[in-house]
Amino acid sequence: LDLIVVNDVADRRIGFASNDNAVTIVSRAGAETLPLASKVEISRTLVDRIAERFLAMSDRASSAGQSA
């Protein structure tokens, strides 16, 4: 499992017809809830989380290659 991002489709304040959203990011490590914010802010946070995971994965791969 990498990441799954979910939102509450029953919440009329968020979703397709709104500029705002609130989501939960689910990973093997657990869940992180991002509170109500603009979709731009939510997307920036998601990009940050993806970049953090990518860099951590890249660092592990580099470390494994150096120890071989």
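Which residue in S3 does Ile25 stand opposite? The answer is Glu32.

The model is predicted: local features need pLDDT of at least 70, side-chain atom pairs count only at pLDDT 80 or more, and totals for chains, interfaces and linings use all residues. Residues are numbered from 1 along each chain as its sequence is written, and side-chain values use heavy atoms, leaving out hydrogens and water.

Three strands build an open sheet, ordered S1-S2-S3, with antiparallel pairing. A strand here is a DSSP run of E, at least two residues, numbered from the N terminus. Two strands pair if DSSP finds at least two bridges between them. Strand S1 (4–7) and strand S3 (30–38) are the edges, and each pairs on one side only. Strands of a sheet pair through backbone hydrogen bonds.

Take S1 and strand S2 (residues 20–27). Four bridges join them. Ile4 has Val26 in S2 as its bridge partner. Now move to S2 and S3. Seven bridges join this antiparallel pair. A hairpin links S2 to S3 through two residues.

Next comes the core. The largest nonpolar core has five residues: Val23, Ile25, Leu34, Ala37 and Ile42. Such a core is a set of buried Ala, Val, Leu, Ile, Met, Phe, Trp, Tyr and Cys residues joined through side-chain atoms within 4.5 Å. Buried means under 20% relative accessible area (1.4 Å probe, protein chains only). S2 and S3 each supply at least two residues of this core.

Return to Ile25. Leaving aside neighbours within four places in sequence, Ile25 is in contact (heavy atoms within 4.5 Å) with residues including Ile4, Glu32, Leu34 and Arg49.

Key:
Buried < 20%, exposed > 50% of the residue type's maximum accessible area, 1.4 Å probe, protein only.
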